[in-house]
Structures are given as structure tokens and as C-alpha cells.
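Here is a short walk through one protein. Have the sequence and the 3D view open as you read.

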Amino acid sequence: MMYSVASATADATAATATSLASYSFYDVCCFGAGIAGNLFAFVLFISPIPTFKRIVRNKSTEQFSGLPYLYSLLNCLICMWYGLPFISYGVVLVVTVNSIGAAFQLTYLILFIVYAYPRRKLKMGGLLIGALCLFALIAYVSLELFDHPTRQILLGYLSVASLISMFASPLFIINLVIKTKSVEFMPFYLSLATFLMSVSFFAYGMLLHDFFIYIPNGIGTLLGVVQLLLYAYYSRRSGDSSRLPLLA
């Protein structure tokens with residue numbers, strides 16, 4: 001009888017240890033995927049720095065557009081709001097990446113407005129205020145008019161729509177590469193960072209079973225694969241062309 005009790009206790013202890021080990025491994029995987037996504041996103045956030053160094057140096061925005069930074073700011077704010085504890089549970093790394101992204105985009109926009117021509121300064125300033133007001137309205141409505149489950153679904157769909165709209169830029173670049181048969185306007189490391197960020201957050205969303213994270217990042221992963229395949233194909237063709245003998 002004592003042997004049976006001891007055996008049962010040992011089995012229970014082993015099962016508990018295995019369960020704890022599995023739980024810890026799951027946590028490590030989630031955390032690792034989220035941290036990787038944050039790091040690769042940071043590479044994307046700092047990529048416009050050379051452009052803004054040029055703007056500050058020349059004291060002019062020249063022909064650059066401020067709209068991509070405005071769209072990115074609104075996207076980061078919506079996704080950050082979705083990740084907060086009173087909207088969603090357990091997705092804190094979505095908050096960190098998007099709060100950092102929002103800070104970068106806001107800084108870029110302020111610099112853009114400071115160095116823009118008066119007419120563009122007024123236009124971009126108005127658009128920035130409009131974007132912040134829209135976010136404030138979304139935040140107010142989500143808190144005041146909806147309960148927690150409905151609030152999470154509403155913000156989830158808004159974040160998905162916002163992220164998918166951001167894919168217009170990769171699609172434009174893919175189209176440009178195919179038309180020009182050149183990868184000049186598709187830097188390899190930027191495409192690689194975009195792909196790795198999407199893969200990381202796709203894994204993060206899958207591990208957390210969060211539809212609103214893994215669906216848009218799954219689309220981003222597919223577009224990233226297409227960009228890298230196009231880069232490999234057209235850069236090889238460019239290399240082959242450069243090795244052709246010159247005709248007299």
C-alpha cells in the first residue's frame with residue numbers, strides 16, 4: 001500500500017514537472033518571437049534616418065512625402081491601443097513595438113513639418129492633427145460604448161485593416177521591380193528585415209492563438225517571401241548582364 005502511494009506521488013510529481021517545463025518552454029517561445037519581432041521592427045523604424053539627415057542638412061523636404069510616416073503613425077497607435085491590457089490580454093510586446101514605432105513616426109513628422117515649405121507645412125500639420133483626433137475618437141468610443149469582448153474584436157479588426165493597408169507599399173515596390181526589372185528601389189536588408197519581422201509576429205500570434213496578430217503578419221510574410229525571391233531573380237539577371245561582353 002505504501003509502495004502504491006509513493007509510486008502515485010512520484011508519478012504526480014513527474015507529471016507536474018513535465019507540465020511546468022512545457023509551460024516554461026511555451027513562454028520562452030512566445031517571448032522570443034515577440035522580442036525578435038521588436039528587434040526587426042526597430043531596424044525598419046530607423047531606416048528613414050538617412051532621409052531625415054538629408055532633410056535637416058538641406059533644411060528642405062524637397063520632393064519627399066510625409067504621408068507614409070502619417071499612415072505609419074496611425075497604424076502604430078491603433079495597434080498599440082489593441083495591445084493594452086484593458087483591450088487585450090498577454091500581448092504586451094505588441095504594445096512595446098508599436099509605442100516605439102509611434103515615437104519614431106511622430107519625430108519624423110515633426111521634422112518634416114519643421115522643414116517643409118509653408119504650404120506643405122500647413123497641410124501636413126492639419127493631417128497630423130486629424131490623425132491624432134481620429135485616434136482619440138477611436139480610443140474614446142472603444143472605452144465608453146463597448147464592453148471588453150466587443151472592444152477587443154472592434155480594435156482587432158481595426159488593427160488588421162490598418163496593417164493590411166500598410167502592405168500597399170510592398171505591393172508598389174514589387175510592381176516597380178517587375179516593371180523596371182531592377183532591384184534598385186528595393187534594398188535587400190530592408191526587405192529581409194520586413195520579412196523577419198512579419199515571420200516573428202506571425203509566430204507570436206500563432207503561439208498566442210491571436211487571429212488579429214497572425215493574419216496580417218502572415219500576409220506580410222508572404223509578401224516578404226515574394227520580395228526576396230524577386231530580389232534574388234533580378235539581382236542575378238543584373239549580374240549576368242554586367243558580365244556580358246561589350247559589342248564594338
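Start with contacts, meaning heavy atoms within 4.5 Å. Take the contacts in the protein between residues at least 6 apart in sequence: 77% of them join residues at least 24 apart.

A word on the source. This is a predicted model, where local features need pLDDT of at least 70, side-chain atom pairs count only at pLDDT 80 or more, and totals for chains, interfaces and linings use all residues. Residues are numbered from 1 along each chain as its sequence is written, and side-chain values use heavy atoms, with hydrogens and water left out.

Now the elements. The protein has nine helices and zero strands. From the N terminus on, the order is α-α-α-α-α-α-α-α-α. Both kinds of element are DSSP runs numbered from the N terminus: helices are H or I with at least four residues, strands are E with at least two.

Next, the surface. The accessible surface of the protein is about 14700 Å². Carbon and sulfur atoms hold 73% of that surface. Such areas come from the Shrake-Rupley method with a 1.4 Å probe, and for residues only the protein chains shown count as cover. Of the 248 residues, 37% count as buried. Buried means under 20% relative accessible area, exposed means over 50%, and partly exposed lies in between (1.4 Å probe, protein chains only).

How many salt bridges does a search of the whole structure find? The search finds one. A salt bridge needs a side-chain nitrogen of Lys or Arg within 4 Å of a carboxyl oxygen of Asp or Glu. Here the side chains of Arg54 and Glu62 meet, at 2.6 Å from N to O. Arg54 counts as partly exposed, at 37% relative accessibility.

Turn to the aromatic rings. Rings of Phe, Tyr and Trp (its six-membered ring) pair if their centres lie within 6.5 Å; planes under 30 degrees apart count as stacked, over 60 as edge-to-face and the rest as tilted. By this rule there are 17 aromatic pairs. One of them joins Phe202 and Tyr214: the centres are 6.4 Å apart and the planes stand at 90°, so the pair is edge-to-face. This pair links distant parts of the chain, with Phe202 in helix α8 (residues 188-208) and Tyr214 in helix α9 (residues 211-242), 12 residues apart. Phe202 is partly exposed at 31%. Tyr214 is also partly exposed, at 22%.

Tyr214 has another edge-to-face partner, Phe211, at 6.1 Å centre to centre and 80° between the planes. Phe211 and Tyr214 are separated by about one helical turn because they sit three residues apart in helix α9. Phe211 is partly exposed, at 37%.

Finally, look for a cluster. Ring pairs link Phe42, Phe45, Phe52, Tyr69, Phe104 and Tyr108.
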